[in-house]
Structure formats: structure tokens, C-alpha cells
Amino acid sequence: MPAATSATSAAAAAPVALGQTIATHGTNQGVSACVSCHGTAGQGNAAAGFPRLAGLSVAYLVGQLDAFASGQRQNPIMQPFAKALTPRERIAVAAYFSQLPAPVAVPPINDAAIEPTDAGAWLANRGRWLAGLPACAQCHGPGGIGVGAAFPPLSGQPTAYIAGQLHAFQAGTRPPGPLGLMHMVAGKLSEADITAVSTYYGGLGHPVTTQANVHGGGQ
Amino acid sequence: MKRTHSLLSASLLGLLLAIGGLSGANAAGPAPVQFTPPPESAMPKGEFGKSVKLGEQIFLHTGTLAGQFVGNSLNCASCHLDAGRRPNSSPLWAAYISYPAYRSKNGHVNTFAERMQGCFRFSMNGKAPPLGDPVLVALESYAYWLSTGAPVGGPVAGRGYPKLSAPALTPSYARGSEVFAQHCALCHGPDGQGQSSGGKVVFPPLWGARSFNWGAGMHSIQNAANFIKANMPLGLGGSLTDQQAWDVATFMDSHERPQDPRFTGSVEATRLKYHDSKYSMYGRTVNGHVLGSE
């Protein structure tokens, strides 16, 4: 484990190392260790609704930290922490969590077996195009495993977190997403839809068993 | 009035339109009938139902379930949104009731099955399934079921893509590239090659070796502009201006893609024979490259 000083000087070459230090020990500026809420493997906390960070793209994570810091994304816990991080520290901590392996494995989705009466699974995989609503999977990928840098994974996120974010997109307490897509999508969801689809993704996949020692380095 | 129409059954609407015709309000012919396909929950069971379901699944996962006939990374549903159900996105139910029909593209009367063979040969850059092949039978079963209650041979609202009128400004590759960067690259990538996840193509490639070929309808700038205006970006259809749709369609269709399978051996001759249109960039030179020459 590198000391904070050497990690700082090595940050330009190895932002992951600085990010790991912040994630596991916090900073002298009052930022708590990220892992105390988000889990030692960045897997999140389903009971508390704290999101998974492991395996999300650097661009997405930095974007969220910047939005917390500017107040565009509102959250009483995260806003002060994000403000207390320098831009370089935000990039470093994003880089650290980004390279951690995804905490869940999602088996292939057989959408032939999904019935229209299964509201969450149907919305997730087929959408509701009569209302102009695309399926979640059309942007977030099969099983909600995420696509590229801009579309984060939904599988492996706590049900309460997904529901909370859909409400935030509706209310405008987080930015509407690229092209305003998530504001549009969330605006077409009822309370029952939000419950159904967040429950679907919250329950998708199974935990990857080897979570030990995943924060043991910048590999 | 239009909103009311959509709530009426097709037969009642037909009666109203007939009355309208008698009063001389529709001298040009019957107005298009509004149609909504049956809900997925009404999909039939039994042996026929299995074929309908298989057709729906082939439509959604074409490369996986009909890979022997597919030569690129597209699915039917890439351009026919909502599994072929969505109006103004070339819905299957509007196509099904419109065949057999004469097509100038091949100079004879085509059955619906032959029309779908064309999709595989051009849009899917693959091989036409033989008539009677289970893939075609399943797709036709699905299209037939979606068309339940639709007026065979009559005009139906939502067929194809709504045709854009000519653009105010001559479409521009340069403006199109800016539209692409702002509205399309998020999903299709800055290089237009789409994005995959978990081994599945999520956003289709718009040009290049894994996209539709030079014989596909989407290579026509008019068709592409129509589709883009009505349906892109996904979930935000109608948000681009007509000019933006023309410009970005021009940009998309000014890139190299797989050869037209009807290639005669000469780009110039192939252009004259099949692409003699201001809406086709085939054979034109863009950025120093003759499109169709590789």
C-alpha cells in the first residue's frame, strides 16, 4: 500500500493508485473512504441502496462526481465529498473503481420466454413503444450490463438505487443524461413501472463469488 | 379528428371515410386507415403460434437465429422498431398487406416472401433464404399475425417512413458530420461502427463492412432521411429538423459499405444501371474515394 505522499507524486503516471488510496482511506480534506459505503469491491450495498461503482466507465463516474460537485446532481452525502475532491482526485477515484471487476454475472437473457404480463422484464427488454418508450436494454445492453462509456450497467445496482435515480431524473435533481434521454424515459414511467423495472434489474444476475482481494492493486 | 380516429375500430373508420368520400371530401381516394397490431399478449398458441413466435424472435435476433442468411451486424428490428410493430418505422403489418406488388427494383410482381428475400440480400448483406425456408415461413407467420384486422390492399397510416419533402438547402456532408457528432455518435460511435455489449450488437454499424450494402433501400439518402427524421435518435424521433435529417443522411450514406450484390464489374456501369439517382452516392467521389470501388 503506497503512502499518500508517494501516491500523490505518482498520480500522473498511475491515477489508479491514487484512486485506491482515496477509495480505501479517504483524504485529509474530509472525504471518507468510498468503500465504507460502496463496499470493498465497489459492489455497492443493496440494503442501504448505495450504488455499485465497480466496472463503471471512468467517463461516467467522473461525470457523476463533477455533477455532485456542481450541485447538478443532488445528494446530501455525495455533494460535500465530491466538492472536497480536486478534479484530478475525481479522475483518480473513478479510474480505480472503473478497473474493478463487475460484481455480478448476468446470464444471457432469453426474451422469448418473457411474457407481457411480467411488467418489469417486458419494459426492460421490449419497452413500451406505443408510448414511444424504448426498452432499457436498447441502450444499456443485454441484461442491463452497460454499453460503452455513456450507458452504465443497471444489473448489479440495488433496486432502491435504480428507483431513486428514476425519480431523480423525473424531478430534475440529477442531469437528464446525454441528449436528455433519461429525462424523457423517466417521464414516461409510472410509479408501478419504476417499481417493476428497478426490481427486475436489482434481482438480475448472480454475485461473482471471488470478491476477495480485488482491491489489491492496479492490475 | 385524427386523435379520434385512432380510437375507432378500423371498420367503423372505414364507414366514416366512405361517408366522407360521398360528400366529396376525399375525391383523391380513401384516406389511410389507422391501424394498431394486436398486443403481444394475444399471440396465438399451438403450432401456428410457435411459428409466429419464432418469426418475432428472428426479427429481433436475426444474426443469432438466421445467421446462415445474414452477412452483417444488423437485425430486422434495427430499422423496423419495436419488433416491426412501430408505425412510420416500416411496420411489418403495413408491408404484409401491400404484397404481392410490382417493384421497379427488379421489374416484376413480388410476393411478400420475395420482398423479404430482398431484405436478406441487401439490408442484411447476406443470402436470400429459399422460398419455403422455415426462416421465411416464420417471418411471414409473424407478419400475417401482426396484420390481423388490417385492410388488405388498402392505404394504411404509418406504412414505410413518412416522406420528407425536398430540403431547403442542398444537403451537406459537412453539416451532416456535425449533426452526427451531436446527435448520433453517442450511440453509433464517432466512427459510425456501432457498439456491442456482452457479445450482442446494441447499436448497429451505419457503414463499413458490418452494415447494409449498396443495394439496400437505406443507402438512398431520401429513405435514410425519412427514417432518421421519424425515428432517430432512438426514443427522440421527430426531434431533428428536416434539414438536419437530410444532412446527416447524406453524411451516413457517403461512406463506404459492402458492394451491391448486383455489381456488374464496373462501378460506373453499376451506377448507371441501378443507382442513377441524385439520392444515391454510389459511384460518387467523396473525400477522394470513389464509393463502391472497394
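Biologist: What ipTM and pTM does the predictor give the complex?

Modeller: For this predicted model, the ipTM is 0.89 and the pTM is 0.89.

Biologist: Where in chain B does pLDDT stay under 50?

Modeller: Over residues 1-26 of chain B; pLDDT is the predictor's confidence in each residue, from 0 to 100. The model has 17 contacts (heavy atoms within 4.5 Å) beyond four places in sequence for that stretch. Chain B averages a pLDDT of 92, and 90% of the residues score at least 70.

Biologist: Now chain A. At what angle do α2(A) and α6(A) pack?

Modeller: Helix α2 (residues 15-25) and helix α6 (residues 87-98) of chain A pack at about 90 degrees, their axes 7 Å apart. Axes are lines fitted to C-alpha atoms over the stretch in contact, with angles from 0 to 180 degrees between N-to-C directions. α2(A) and α6(A) are therefore roughly perpendicular (65 to 115 degrees).

Biologist: Which residues of α2(A) and α6(A) meet?

Modeller: Among them are L18(A) and I22(A) in α2(A), and A92(A) and Y96(A) in α6(A).

Biologist: And which residues of α3(B) are buried?

Modeller: The buried residues (under 20% relative accessible area, 1.4 Å probe, protein chains only) include V52(B), I58(B) and F59(B).

Biologist: What covers the buried residues of α3(B)?

Modeller: The cover includes α7 (119-126) of chain A, together with elements of chain B, among them α9 (134-146).

Definitions and conventions
Residues are numbered from 1 along each chain as its sequence is written. Chains are lettered from A and ligands numbered from 1 in the order in which they are written. This is a predicted model: local features need pLDDT of at least 70, side-chain atom pairs count only at pLDDT 80 or more; totals for chains, interfaces and linings use all residues. Side-chain values use heavy atoms; hydrogens and water are left out. Helices (H or I, at least four residues) and strands (E, at least two) are DSSP runs, numbered from the N terminus. Angles under 35 degrees count as roughly parallel, over 145 as roughly antiparallel, 65 to 115 as roughly perpendicular and the rest as oblique. Buried means under 20% relative accessible area, exposed over 50%, partly exposed in between (1.4 Å probe, protein chains only).
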